[in-house]
Amino acid sequence: MRVMVIVKANKDSEAGKLPPPELLAKMGKFNEELHKAGLLLAGEGLRPSSKGKRVKFGDGKRVVTDGPFAETKELIAGFWLWKVKDMEEAVEWLKRAPFDRGEEVEIRQLHEMEDFGPSEAIDRERELSKKLSYKTR
């Protein structure tokens, strides 16, 4: 199964402060361990919401709002995509992450193609995923 590990934003990440070098070094080592174990599919940090935009859809309209966005607890500072056996394995790996400054991290399972019934749209999606250079399935 695949999971997204979501690192929640905090006031430092929203202020655009990068993690200290010591934490970056520990995170690099942790990422290497994930890679060696065959779990790491992707992982990235995100710029603050002040550099982002939101698009709201409704009634045939698209409304664009510039960041920053007020609710820090709803924002994401970064993410990983992991391929794990089960949620327990994801939790055990996450417990090893070098966080110790009050970070909040969420793990969510991704839908797989098998979760959806047969349809033309799903067949097209399968074909598209075969063409992607960034393989996650």
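## Close-up views of a predicted model

**View 1. A salt bridge joins Lys17 and Asp12.** The closest N and O atoms of Lys17 and Asp12 are 3.7 Å apart, a salt bridge being a side-chain nitrogen of Lys or Arg within 4 Å of a carboxyl oxygen of Asp or Glu. Lys17 is exposed, with a relative accessible area of 54%, whereas Asp12 is partly exposed at 27% (buried means under 20% relative accessible area, exposed over 50% and partly exposed in between, with a 1.4 Å probe and protein chains only). This is a predicted model, in which local features need pLDDT of at least 70 and side-chain atom pairs count only at pLDDT 80 or more, while totals for chains, interfaces and linings use all residues. Residues are numbered from 1 along each chain as its sequence is written, and side-chain values use heavy atoms, with hydrogens and water left out.

**View 2. Glu33 and Arg96 meet in a salt bridge.** Their side chains come to 3.1 Å, N to O. The pair links distant parts of the chain, 63 residues apart, with Glu33 in helix 2 and Arg96 in the loop between helix 3 (87-95) and strand 6 (105-109); helices (H or I, at least four residues) and strands (E, at least two) are DSSP runs, numbered from the N terminus. Glu33 is partly exposed, with a relative accessible area of 27%, and Arg96 is partly exposed at 47%.

**View 3. Lys53 and Asp66 form a salt bridge.** The closest N and O atoms of Lys53 and Asp66 are 2.4 Å apart. Lys53 lies in strand 3 and Asp66 in strand 4, so the pair ties together parts that are 13 residues apart in sequence. Lys53 is exposed, with a relative accessible area of 58%, whereas Asp66 is partly exposed at 48%.

**View 4. Asp59 has a positive phi in the loop between strand 3 and strand 4.** The phi of Asp59 is about 50°, although Asp59 is not a glycine, and at 81% relative accessibility the residue counts as exposed. Most residues other than glycine have a negative phi, and most peptide bonds are trans.

**View 5. The peptide bond from Gly67 to Pro68 is cis.** Omega for this bond is near 10°, and Pro68 is placed in the loop between strand 4 (61-66) and strand 5.
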